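Thanks for making time, everyone.

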Amino acid sequence: MNVTLRGRTGHFRTVSFDAENNSVRLIEQRLLPHEFKIVGTNDFRETARAITDMVVRGAGAIGATAAYGLAQGARAFRGNDLKQFSARLDLVYQTLAEARPTAVDPVNAMNEVRRAMARGETVAERQALALAAAEEFAHEDVRHCEAIGRHGAKLIRNGMKILTHCNAGWLAFVDVGTATAPLYAAQSQGKKFHVFCDETRPRSQGATLTAWELAQQGISHQIIADNAAGHLMQRGEIDLVMVGSDRVLGRTGEVTNKIGTYTKAVLAARHKIPFYAAIPLSTIDWNLKRGFDIPIEDRHESEVLGAWGVMAKPMADGRWPMGKRAYVRVANPTSGARNPGFDVTPAELITGIITPAGIFQPAELWKHRHRLGFAG
Ligand code: MRU
């Protein structure tokens, strides 16, 4: 998407690859919205760490990062021995797959890269195929998001107030985003609407990333505290909820998404407000049979006990210059915290799943599996 900084506008992708230096290029999302910076990772372990530490985050973006990371690891191999090459590749795959467990996109993306590589007969051929397949995954992610925009824009009418949770915007994908794609498409059709961004504690992706994206695109929006949605729904101030997902079960229609999504889905059902999840095909898990088996990432308690931000005022003694990034402890210093990163929303609470192939009821995914990329 376009980013305007100090009056200059440029087009950026969240993730890209520098083939000359065998480096994955990432927007450093932990610094946004206060600083826009691109960083590079120089080997697959650094790439995996960037995923774990959330330099890059969001299902599609970490999918593309893992695909590029696999290609990066493959291209760093020296020699012609296919057996050694394949053992190395297993290690790279495993390291990247373990970087974050809940989103299925990294594994789906790397499986695509591996399938493409199998067509090569030499190490050099496989290395070239790996990068081509990773690039194709990234391009496809963008095409999928654009198609989601075309389908999802039909749900948006003039004057609507739309709630979104966390960030399923272009920063969570290679470009465009999923939950935001219908917003951007509706905006380009001249529709007027307003978006409420859930703050999304503990990491505040709604307040920092979604709000920044919408501000960059000139879309009317406000950040709300996570606990405010029920009140707004009760007062008729939310007409539609649109979220992304990190893993949708193709067999059951259950939707895994950022912690707090389930709560919003329950509230939306209580108030008869349509609740949609938007996903590219790489977010569908055709294997797992029940949501309870989805690995839910437990993150460090420091995320709940405090918050990252920038100093908004100089301190009385002048020690912290304004704008300096800092972690502040909010909670009682002797208390611990529990920090599950995601939750699973049952199919019956979801009105529809917006995919690149159209909008489906969650229970219909399996029936349409061949249109939706099921390879089995
Ligand atoms: O922990 P994150 O920031 O990687 O979580 C991912 C998310 O932003 C959300 O769950 C999102 O709605 C789905 S990812 C497209």
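**Where the ligand sits**

So, the ligand lies between domain 1 (2-146) and domain 2 (152-298 + 338-364), because both of them give residues to the shell around it. Keep in mind that this is a predicted model.

As for how they touch, 36 residues of domain 1 are in contact with 36 residues of domain 2.

Okay, on to the ligand itself. How many residues surround the ligand? There are 17, and the closest are Arg 57, Arg 100, Asp 246, Asn 257 and Lys 258. If you sort that shell by type, you get seven nonpolar residues, six polar ones and four charged ones.

Now for some individual contacts to oxygen atoms of the ligand. Two of them come from the backbone: an N or O atom of Gly 58 is 2.9 Å from a ligand oxygen, and for a backbone N or O atom of Asn 167 the distance is 2.8 Å. Asp 246 uses its side chain instead, with an N or O atom 2.7 Å from an oxygen of the ligand.

And how much of the ligand's accessible area does the protein cover? On its own the ligand has 400 Å², and the protein covers 100% of that. The space the ligand takes up is also the largest cavity.

That's my tour; questions are welcome.

Notes. Residues numbered from 1 in each chain as written. Predicted model: local features only at pLDDT ≥ 70, side-chain atom pairs only at ≥ 80, totals over all residues. Heavy atoms only, no water. Near = heavy atom within 4 Å. Polar contact = N/O pair within 3.5 Å; in protein donor to acceptor, adjacent residues only side chain to side chain. Areas by Shrake-Rupley, 256 points an atom, 1.4 Å probe, with all protein chains shown as cover. 1 Å grid on protein atoms, 1.4 Å probe; cavity = no way out; pocket = protein on both sides within 12 Å on 5 of 7 lines; lining within 4 Å. Sits in = over half its atoms within 2 Å of the grid points. Nonpolar A, V, L, I, M, F, W, Y, C, P; charged D, E, K, R; others polar. Domains from an automatic or database assignment. Contact = heavy atoms within 4.5 Å.
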